Structure formats: structure tokens, C-alpha cells
Amino acid sequence: MGNSALKAHLETSQKTGVFQLTGKGLAEFPEELQRLSSLRTVDLSNNKIEVLPSFIGVFSVLKSLTLNCNKLAFIPDEIGKLKKLETLHLNGNQLKHLPATVGQLSALRTLGLSGNRFKEFPAHLGSLRHLDLLDMSKNHIHVIPDHVQELQTIELNLNQNQISSVSPDVARCPRLKVLRLEENCLELYSLPLAILTDSQVSLLAVEGNLFEIKKLRELDGYDKYMERFTATKKKFA
């Protein structure tokens with residue numbers, strides 16, 4: 001894309017606080033953007049960006065950062081400086097890890113990490129007190145570890161991973177209402193009963209695993225889960 005087109009975008013963004021440049025084949029995060037530190041929304045989805053530069057930390061009032069479908073393999077520590085960030089979409093990249101500083105994004109409500117290369121469930125997310133949705137579907141995660149209990153999210157999407165083991169501590173997540181585990185490698189005995197009997201979960205999605213759903217309905221505690229499911233359904237009816 002030509003400099004004049006980029007310049008026009010920058011001028012508009014200065015007025016609106018929104019910079020959106022999607023599907024333009026950009027190989028780099030535009031350096032000129034750092035002059036617009038008052039941006040509230042940045043969307044650079046469907047490009048070919050490989051590196052998120054360290055100057056990302058200058059966007060102190062940024063509320064939404066969307067970089068879906070690029071070629072990002074890592075995120076710099078400076079991401080933690082975005083104290084106003086509410087939405088971070090990094091779906092469809094090549095990420096295997098997150099920096100610990102992601103845990104400093106105190107305003108974050110939505111974290112999209114679907115379609116990356118995570119093999120392990122990330123640590124450091126328990127400090128995100130306002131998280132509504134953590135989407136880690138379509139990765140390569142095998143185990144939901146004990147530290148999942150620190151998560152404050154309301155919805156956790158782990159569909160289409162390779163999960164064969166779930167820590168019972170998932171039942172201790174204080175705000176977890178929706179747990180999606182569809183199309184994984186779970187046997188019925190791998191699913192902790194505590195999710196049914198002792199959790200806040202009112203929607204458990206487990207279709208496409210290594211057991212029949214009717215077997216789940218026969219488990220002790222399923223009635224207790226259904227009480228929560230029905231009560232939630234009524235609330236939104």
C-alpha cells in the first residue's frame with residue numbers, strides 16, 4: 001500500500017481514535033502509528049505482520065487491539081502497559097506462549113487466542129479480574145492444569161484442542177459459568193465430577209469427545225448441574 005494511502009488513514013485516525021487497516025498484506029506493524037498514542041481502537045487483522053513492536057506500550061488509552069490472522073509468533077512484554085485495554089484479539093496467529101505481563105492488563109474483558117500453537121494452558125492470567133471470555137479453541141492443549149482455578153473468566157472456550165486430562169480445580173474457578181470442551185480427547189472418567197456438583201458452571205459443552213452424552217447424563221451430580229442450567233435458561237428466557 002502506498003504512503004499516501006497510509007497517510008490518509010493516519011489523518012482520519014487522528015480525528016476518530018480508530019485505526020483499521022485489514023487485509024492489505026502489511027508485513028510490518030506501521031511505525032507511523034506510534035505518533036498516534038491517543039488511539040482507542042486498532043485493527044490490523046488479515047495481514048502478514050510477524051512482529052508486534054515494543055512501542056505497542058505507548059498506546060496508553062487503547063481499549064481494543066485486534067491482530068487476527070497475522071503471523072505473530074510472540075508478544076512483547078510491553079503489552080502489559082496497556083492498562084485501559086478491554087479487548088485483545090490474537091486469533092489465527094503462531095503463538096505458543098504469552099509474556100507474564102499480559103497479567104497486568106487490569107481492564108481486560110475479552111482475550112481471543114483461538115487458532116494458535118499453544119500446547120500448554122498459559123499461566124499468569126489469574127490476575128485478570130474482569131475477564132469475561134477466554135477463547136483458546138483450536139490450539140494443541142493436552143491438559144487443563146491445577147492453576148486454572150485462579151482464572152476469573154466467565155466463559156472458557158477450549159473447543160478443538162487435544163485435551164485428555166482436566167484438573168478437578170477447574171470447579172473452583174469463582175466466576176466460571178460457561179465451559180466449552182467440544183471436540184477434544186476426553187474419556188468420561190477424565191471429566192471431574194466436581195464440575196457437575198461443586199462448580200458455578202451452568203453450561204458445559206462436551207460434544208465430540210470419546211464418550212456418549214447420554215453416559216454423562218447418568219452420572220451422579222448431573223441433576224445438580226441441570227438445576228443450574230435450567231435456572232440460567234429461565235433467567236435469560
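Predicted model: local features only at pLDDT ≥ 70, side-chain atom pairs only at ≥ 80, totals over all residues.

**Entry 1: helix H4**

I started with helix H4, which runs over 222-236. Which face of H4 carries exposed residues? I found Asp-223, Glu-227 and Lys-234 exposed on the face turned away from the buried side of H4. The buried residues of H4 are Tyr-222, Tyr-225 and Arg-228. Looking down the axis of H4, I see its buried residues fall within an arc of 125°, so they line one face of the helix. The general rule I keep in mind is that an α-helix has 3.6 residues a turn, so residues three or four places apart point the same way.

What do the buried residues of H4 pack against? I get H2, strand S11 (203-205) and helix H3 (213-217).

I also checked the length of H4. At 1.5 Å a residue, its 15 residues should span 21 Å, and the end C-alpha atoms are 21 Å apart, so the two agree.

**Entry 2: the core**

Next I looked up the largest nonpolar core, which has 64 residues. Those with the most contacts inside this core include Phe-29, Leu-33, Leu-134 and Leu-181. Helix H1 (3-16), helix H2 (194-197) and helix H4 are the elements giving two or more residues to the core. In soluble globular proteins, nonpolar side chains tend to be buried together.

Setting aside its neighbours within four places in sequence, Leu-181 is in contact with residues including Ile-144, Leu-158, Ile-163, Leu-204 and Val-206. Its contacts also include Asn-159 and Asn-209.

**Entry 3: Val-58**

Where does Val-58 lie? I find Val-58 in the loop between strand S2 (41-43) and strand S3 (64-66). Its relative accessibility is 33%, so I log Val-58 as partly exposed. Leaving aside neighbours within four places in sequence, Val-58 is in contact with Gln-34 and Ser-37. I also noted the separation from Gln-149: 91 residues in sequence and 32 Å in space, C-alpha to C-alpha.

**Entry 4: the whole chain**

I count four helices and 11 strands in the protein chain. Its C-alpha trace spans about 65 × 30 × 30 Å along the principal axes. Of its 237 residues, 46% count as buried. The accessible surface comes to about 11,800 Å², with 48% of that belonging to carbon and sulfur atoms.

Definitions and conventions
Residues numbered from 1 in each chain as written. Heavy atoms only, no water. Core = buried A, V, L, I, M, F, W, Y, C linked by side-chain atoms within 4.5 Å. Buried < 20%, exposed > 50% of the residue type's maximum accessible area, 1.4 Å probe, protein only. Contact = heavy atoms within 4.5 Å. Expected span 1.5 Å × (residues − 1). Arc of directions from axis to C-beta. Areas by Shrake-Rupley, 256 points an atom, 1.4 Å probe, with all protein chains shown as cover.
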